[in-house]
Amino acid sequence: MSALPHPDYVLFQGEKPFPILPVVDHYAGSEKLMLKALSLQQALGPVFDITCDCEDGAHAGAEAEHAAMAARIIMSDENHHGRVGARIHDITHPHWRQDVDILVRDAGNRLAFLTLPKPRSAADVACQIEAIVEAEQRHGIARPIPVHVLIETHGALRDAWQIAALARVESLDFGLMDFVSAHHGAIPGAAMRSPGQFEHPLVTRAKCEISAAALAHGVVPSHNVTTELKDLDYIQRDAERARKEFGYLRMWSIHPNQIQPILEAMRPDFTEVSEACAILIAAQDKDWGPIQHAGKLHDRASYRYYWELLKRARSTGMVIPTEAAHRFFPAH
C-alpha cells in the first residue's frame, strides 16, 4: 500500500493544501478552565482546539503574568496533542507586543496558533504578523506560527479579502457580538443570537463575505459562538446552519457543553464519507486517472473534494474504514 502515490502529493502539486483544522475552537480564559479543557481534550482526542485567552481572560495590570501562565499551560505535559493556541490583546492595547514576546519566547515551539482580535484593517494584521516573525527570530523559533484573525470591525470586514491573502493567516473568525456592537444600535441585540444572527441582512452579509474571502484564499472560515450553554439541540442547530448555509468549517465554543454538539453538526455525512473512501481507493488503484463510480465519471477535480472531505471527517473523530485508513493515514 505504501508504494501507491498518496493524494496529498498527487492532487496538490505546486500549491498549498487547504488546512484541515479541528472543527471546534474552544476558548478558556483562566488556568482552571484551560486545565479542564485539556483534560477533556485528552479524553476526546484532538477533535477540538483550545485557545488560551490572553485578551478577555487577563486582569488589568496582570497581562504579563497571564500570558506567562498560558505559555506554561501550552508547554505542560497536559498538552498531549499540541493543539493549543492563544489569543493576544488587540493592536490598540499597550500590552499586545508583550503578549507576543512572552508567548513566542516561552511556548513558540508548541504554540498551535495566535489569534489576533479587533484589527481595523489589513495593515493592522500585517503589523502584528511582522511582530510575531520578529519574535520568532529573536527567540530562535524555527517553525512559523500560524495566525487566526478575528473579523469584528467595519475596517476588517472591508479588508477581509486582503487579510485572508496575507502569509501566515490560517483562519478568519467572525466576532459577531463586537460586530453588532460596532453598529451603534442599528442592528438589534436579537441579531447576537438565533434566529436573528442568521437573518439580519447586515449580519448575513458579513458572514458570507468572511466565508467567501477565507475559502477563496485557502483559509478556514470559523463561525462565531452561540450564547446558548445548555440546550444541546439549539447549539447543534446553530452549528448546522453555520456549516450548511454559510460555508463555515469551524466554530467557536465557550463552554464544554458546546463542544460535542458542534462536532456532530460539523461532521461530514457518513454516507458521503463511505463514498469518498470508495472513490479514492479506486482512483489510487488507477494512478489517479479518471474512473467511473456508480455510473458517474470522476477525475482529479472530484478527488480533491473527496480527499479534503475525508481529512475533515478524520479531524472530527469519525472512524475511517480500515482499508482507506491504511492507505491514506498509514502513520495513525
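**Notes on charges and rings in this model**

1. Let's start with a lysine and a ring: K207 has its charged end over the ring of F246, at 5.8 Å from the ring centre. Keep in mind as you look around that this is a predicted model.

2. R250 is worth a visit, as it turns up in two contacts. Its charged end sits over the ring of F113, 5.8 Å from the centre. R250 also makes a salt bridge with D49, where the closest N and O atoms are 2.9 Å apart. R250 belongs to strand β8 (residues 250-253) and D49 to strand β2 (residues 48-53), so this bridge ties together parts that lie 201 residues apart in sequence. Both R250 and D49 are buried.

3. Now for R87 and D56. Their side chains meet in a salt bridge, 3.0 Å from N to O. The two ends come from distant parts of the chain: R87 sits in strand β3 (residues 84-87), while D56 is in the loop between β2 and α3 (63-75), 31 residues away. D56 has a relative accessible area of 59%, so it is exposed.

4. The general idea is simple: side chains of opposite charge can pair when their charged atoms come close.

5. Another bridge to look up is R168 with E136, whose closest N and O atoms are 2.7 Å apart. R168 is in the loop between α7 (160-164) and β6 (169-174), and E136 is in helix α5 (residues 122-138), so the pair ties together parts 32 residues apart in sequence. R168 has a relative accessible area of 24%, which makes it partly exposed. E136 is at 4%, so it is buried.

6. How many salt bridges does the structure hold? The count is 18, and the bridges described above include R250 with D49 and R168 with E136.

7. Last, the aromatic rings. A search of the whole structure turns up seven aromatic pairs. Elsewhere in the list of rings, W307, F328 and F329 form one aromatic cluster.

Key
Residues are numbered from 1 along each chain as its sequence is written. This is a predicted model: local features need pLDDT of at least 70, side-chain atom pairs count only at pLDDT 80 or more; totals for chains, interfaces and linings use all residues. Side-chain values use heavy atoms; hydrogens and water are left out. Rings of Phe, Tyr and Trp (its six-membered ring) pair if their centres lie within 6.5 Å; planes under 30 degrees apart count as stacked, over 60 as edge-to-face and the rest as tilted. A charge sits over a ring if NZ of Lys or CZ of Arg is within 6 Å of the ring centre and within 35 degrees of the ring normal. A salt bridge is a side-chain nitrogen of Lys or Arg within 4 Å of a carboxyl oxygen of Asp or Glu. Helices (H or I, at least four residues) and strands (E, at least two) are DSSP runs, numbered from the N terminus. Buried means under 20% relative accessible area, exposed over 50%, partly exposed in between (1.4 Å probe, protein chains only).
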